[in-house]
Amino acid sequence: MTAHPTAHSKDIKTRFVQAADSLGPGLVTGAADDDPSGIATYSQAGAQFGYGLLWTMVLTYPLMCAIQLISAHIGRVTGAGLARNLTQAFPRWLVVGLVGILLLANVINIGADLAAMAAAVELLIGGPTHVMTIAFAVIVAGLQVFVPYRPYARVLKWLTLSLFAYVGVLLVVHTDWSGALRGMVWPTRMDQAAITTIVAVLGTTISPYLFFWQSAQEVEELDNHPGQHRLLDAPRAAPKQFRRMRLDTFVGMAFSNLVALAIMIATADTLHLQGITQIDTAAQAAEALRPVAGSLAFLLFAIGIIGTGLLAIPVLAGSAAFAITDTAGWGGGLQYAPSRAKRFYAIIVIATLAGVLIDWTNTNPIKALYWSAVLNGVAAVPLMVATMVVATRPAIMGKFTASPMLRTAGWAATAVMTAASLFFFYTLLT
């Protein structure tokens with residue numbers, strides 16, 4: 001007797017829901033990774049170098065999976081965020097310095113994102129960008145304090161789907177796929193401009209704030225499910241939780257990198273071929289979408305910038321809040337009402353509003369996004385070294401120290417970021 005079609009469809013739907021439920025911190029982290037800074041950096045890479053830097057996306061996927069998975073393991077195993085674990089491995093003054101690097105990079109990134117969101121609105125309707133930057137900062141800070149992040153992020157994820165328009169561009173323009181495939185496996189340029197852009201691509205893809213965010217979100221998962229415990233206290237749950245984290249991280253990072261790859265190829269096929277190799281304005285960046293969106297290109301670009309900005313800024317501010325409160329031992333988190341975590345939410349508000357100051361330096365928004373990515377690439381190095389030390393220390397992780405394969409991949413990611421940063425400084429000095 002055959003199963004009823006309705007029952008079969010319900011079974012498929014149930015499995016889909018179960019699979020979707022297993023995706024959490026990694027998926028949100030991946031979505032937040034394609035923030036306005038990422039869009040601008042990937043667009044600049046495609047416009048300036050064509051297919052020449054596509055290999056960076058192939059290289060970064062396993063590396064970002066490794067460091068994000070390590071960050072997730074630290075949170076789930078210890079039941080504490082990355083910053084709190086750093087205080088167990090390093091002197092307090094050093095941890096304060098590392099958190100200070102994170103805070104500086106995050107505030108600059110927030111400012112660049114806010115300025116880009118304002119520029120996107122100006123692209124559509126005009127108006128004073130300084131006023132719009134302040135308005136976005138107030139709106140985002142208010143939403144972070146008064147709206148629970150999970151339903152907030154759930155809604156905003158739909159806006160980030162506009163980024164798939166770059167995939168649509170690949171379907172309607174001519175792509176030299178043989179050239180693109182070569183670009184994915186073989187570097188063609190290593191001059192100063194290329195190295196700077198490589199650092200920017202690495203920095204916007206493997207960003208320091210994402211390490212702190214994903215470890216903190218694993219802790220939040222524990223707090224939101226009273227029946228679950230940190231793996232140090234519930235080792236039998238480790239195989240299941242490690243499988244979940246792998247799936248979550250691999251899918252989230254794949255989403256992030258596929259979108260990034262599409263942006264780079266789309267801008268290579270449009271802007272680069274038109275001779276636009278330097279993106280200075282939002283209007284220039286939006287032109288990459290014209291083949292698929294026509295006169296609506298500016299609107300689609302604006303939706304992508306604003307949507308990813310609204311999703312990423314809470315992650316930037318939240319990761320700073322987690323890092324500072326963990327280091328200071330204050331406690332707090334997104335699962336608490338503002339009245340129960342005043343310091344935590346105060347840091348979120350201050351970090352968001354401090355980003356407004358970046359806009360008043362009259363820095364070009366697109367250039368600010370690009371250079372914030374470069375800063376993230378440089379800042380990631382000491383934070384990755386510190387994260388790897390925590391993940392490999394039995395006194396902190398117990399028997400759940402990073403596996404040999406994960407350890408190798410994590411140190412490889414750290415080595416790549418270090419080498420890129422050293423090359424960057426070398427080219428600046430020569």
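Reader: Let's start with one side chain: what does Arg-189 count as by its relative accessibility?

Author: Arg-189 counts as partly exposed, because its relative accessibility is 36%. Buried means under 20% relative accessible area, exposed means over 50%, and partly exposed is in between, all with a 1.4 Å probe and protein chains only. Before going on, a word on ground rules: this is a predicted model, where local features need pLDDT of at least 70 and side-chain atom pairs count only at pLDDT 80 or more, while totals for chains, interfaces and linings use all residues. Residues are numbered from 1 along each chain as its sequence is written, and side-chain values use heavy atoms, with hydrogens and water left out.

Back to your spot. Arg-189 has a partner, Asp-191, and their side chains meet in a salt bridge with N to O at 2.6 Å. That term stands for a side-chain nitrogen of Lys or Arg within 4 Å of a carboxyl oxygen of Asp or Glu. Asp-191 is partly exposed too, because its relative accessibility is 32%.

How many salt bridges turn up in the whole structure? The search finds seven. One of them joins Asp-326 to Arg-84, with the closest N and O atoms 3.5 Å apart. This pair links distant parts of the chain: Asp-326 sits in helix H16 and Arg-84 in helix H5 (residues 82-89), 242 residues apart. Helix names come from DSSP runs numbered from the N terminus (H or I, at least four residues, with strands being E runs of at least two). Asp-326 counts as buried because its relative accessibility is 11%, whereas Arg-84, with a relative accessible area of 33%, is partly exposed.

Another salt bridge runs between Glu-218 and Arg-244, where the closest N and O atoms are 2.8 Å apart. Glu-218 lies in helix H12 and Arg-244 in helix H13, so the pair ties together parts 26 residues apart in sequence. Both Glu-218 and Arg-244 are buried.

Glu-220 counts as buried because its relative accessibility is 5%. Leaving out residues up to four places away in sequence, Glu-220 touches Phe-322, Gly-333, Leu-334 and Gln-335; contact here means heavy atoms within 4.5 Å.

Next stop, helix H7. Its 18 residues, 129-146, should span 26 Å at 1.5 Å a residue, and the end C-alpha atoms are 25 Å apart, which agrees. The expected span is 1.5 Å times one less than the number of residues. Among the buried residues of H7 are Met-132, Phe-136, Val-140 and Gln-144. The buried residues of H7 pack against helix H6 (92-125), H16, helix H17 (342-354) and helix H18 (356-359). Apart from residues up to four places away in sequence, Thr-133 touches Leu-114, Ala-115, Ala-118, Val-356 and Asp-359.

On a 1 Å grid over the protein atoms alone, a cavity is a set of points where a 1.4 Å probe fits but cannot get out; a pocket is an open set with protein on both sides within 12 Å along at least five of seven lines, and lining residues have an atom within 4 Å of a point. Points are joined across faces, edges and corners, and a volume is the space filled by probe spheres set on them. The count comes to three cavities of 30 Å³ or more.

The second largest cavity holds about 40 Å³. Its lining includes Ile-39, Tyr-166, Leu-289 and Phe-301. Helix H9 (165-172) and helix H16 (297-328) each supply at least two lining residues, and H16 gives the largest share, three. By class, this cavity's lining has seven nonpolar, two polar and no charged residues. Nonpolar covers Ala, Val, Leu, Ile, Met, Phe, Trp, Tyr, Cys and Pro; charged covers Asp, Glu, Lys and Arg; the others, Gly among them, are polar.

The second largest pocket holds about 270 Å³. Of its 14 lining residues, Leu-69, Arg-246, Ser-403, Met-405 and Leu-406 lie nearest its centre. H4 gives the most to this pocket's lining, with five residues.
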